[in-house]
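Me: I would like to learn how to read a sheet, a core and a chain interface in a model such as this one. Could you take me through them one feature at a time?

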Number of protein chains: 2
Amino acid sequence: MKDSILILSGGMDSVTLLYDKQDTIAMAVSFHYGSNHNDREIAYAKLHCEKLGIPHIIIPLAFMKQYFKSSLLEGADQIPEGDYNGDNMHSTVVPFRNGIMLSIAAGLAESNGLKHIMMANHGGDHALYPDCRPEFVEAMNQAVSTGTYVNITLNAPYTHLTKADIAKKGKLIGIDYRQTWSCYKGGAKHCGKCGTCIERKAALREAGINDLTEYEE
Amino acid sequence: MKDSILILSGGMDSVTLLYDKQDTIAMAVSFHYGSNHNDREIAYAKLHCEKLGIPHIIIPLAFMKQYFKSSLLEGADQIPEGDYNGDNMHSTVVPFRNGIMLSIAAGLAESNGLKHIMMANHGGDHALYPDCRPEFVEAMNQAVSTGTYVNITLNAPYTHLTKADIAKKGKLIGIDYRQTWSCYKGGAKHCGKCGTCIERKAALREAGINDLTEYEE
């Protein structure tokens, strides 16, 4: 039954979830909040929705670039290079981004007669992003359920998986990960050096996928 | 200590809270989501912040008018007249509006080094708006706390008060309620007939305030 709305960035995780749960996804939503890489990733979000015939909308949140503090919103040269871990990547946190996206998705769901919101947060994000952790997901599930007439629920099926686990799912499905975007710098090609590029490479390697991403390096 | 951000519509309740807790409010935020009465109410939000020297920002959420279903977003003639109760006012619900505003306020708080979000929901809204009820407030408090680095908390001190209780507070403070906006129709004057006008009149009457609002009727 198609009664879910998916938050779809156009990265590996949410694109995998789009294919994985396509039978239950009535629509997908991407958010343009002014990061360096929004244009790159949203182009892939759009492409995959068109392929699958799933309606896709893009919500502009320009105020986040104006009022929020995050290196992700401040130009490619502000993005840290090196490992994807808490200390190194802390500056890239966009405060409460998932809460904002989930809340808007809840309103969209209720406006469109849908019952569930779906999000592709995963275990590798827990150390870094508080709004990816199981306790946040559970609290937000309570909030959207109690705060809507139809008691919308939040479904985050990858919460306890690693990014490599997700890539393995994608391999089985046959997803072409060249048609996804990770790099926080948002250049013409993936930089290959920032935390998200390094995390991407490791996940594809661990899943036994031949990484055909074009890297700058 | 000024470590809170207040969600300020420019209506009676949030304007009262602004004065009531002014010593703890570092900034206030209004949301322009495309309702008929946003311009009217936000003008008062701005005016009171200027009076008190509290920084005030306005966040545009134009996508809500485009994608959300609510009579509040569909022109003055769609607003029901008569009592402020669930059956009559149901069409005015903007799905998960408080969740969206609170989530954005949480991100603004963390970006600005603040610790708390404040909202003026009250007991009279419970029957009508799921995202004003105590169980929603508690769940959302958990969500903003677990989803932010600094464990932001939500403070909704009027949750168990009536609108008349709030007006009584305002009377003690000496608030001039002519400088607040309620009417959902958003005309040049308060219509005096819609649910929110009727609720406004009743609260002022019950608080023993001489209602100097200019009504159309």
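Me: Which residue is the bridge partner of Ile7(B) in β2(B)?

Reply: Strands (E, at least two residues) and helices (H or I, at least four) are DSSP runs numbered from the N terminus, and two strands pair if DSSP finds at least two bridges between them. Here the partner of Ile7(B) is Val29(B), and four bridges join β1 (residues 4-7) of chain B to β2 (residues 25-32) of chain B, the two strands running parallel. The model is predicted, so local features need pLDDT of at least 70 and side-chain atom pairs count only at pLDDT 80 or more, while totals for chains, interfaces and linings use all residues. Residues are numbered from 1 along each chain as its sequence is written, with chains lettered from A and ligands numbered from 1 in the order in which they are written.

Me: What is the strand order of the open sheet in chain B, and which strands stand at its edges?

Reply: The order of the five strands is β3-β2-β1-β4-β5, with parallel pairing. β3 (56-60) and β5 (153-155) of chain B stand at the edges, each with a single partner strand, so one side of each has no neighbour in the sheet. The twist averages 25 degrees from one strand to the next, where axes are lines fitted to C-alpha atoms, for helices over the stretch in contact, and angles run from 0 to 180 degrees between N-to-C directions.

Me: Where do helices α2 and α6 of chain B lie?

Reply: Contact is defined by C-beta atoms, placed from the backbone, within 7 Å. Helix α2 (residues 38-52) of chain B packs on the sheet, touching β2 and β3 of chain B, at about 165 degrees to β2(B), whereas helix α6 (residues 134-146) of chain B lies across β4 (116-118) and β5, at about 150 degrees to β5(B).

Me: Which residues touch the most other members of the largest nonpolar core?

Reply: In soluble globular proteins, nonpolar side chains tend to be buried together. A nonpolar core is a set of buried Ala, Val, Leu, Ile, Met, Phe, Trp, Tyr and Cys residues joined through C-beta atoms within 7 Å, buried meaning that 20 or more other C-beta atoms lie within 10 Å of the residue's own, again placed from the backbone. In this core of 129 residues, they are Ala105(A), Ile117(A), Ala105(B) and Ile117(B). Leaving aside neighbours within four places in sequence, the contacts of Ile117(A) include Ile5(A), Ala105(A) and Leu154(A).

Me: How many residues of chain A are in contact with chain B, and which element gives the most?

Reply: 34 residues of chain A are in contact with 34 of chain B, and α5(A) gives the most to that side of chain A, with eleven residues.

Conventions:
Buried ≥ 20, exposed ≤ 12 C-beta atoms within 10 Å, placed from the backbone. Contact = placed C-beta atoms within 7 Å.
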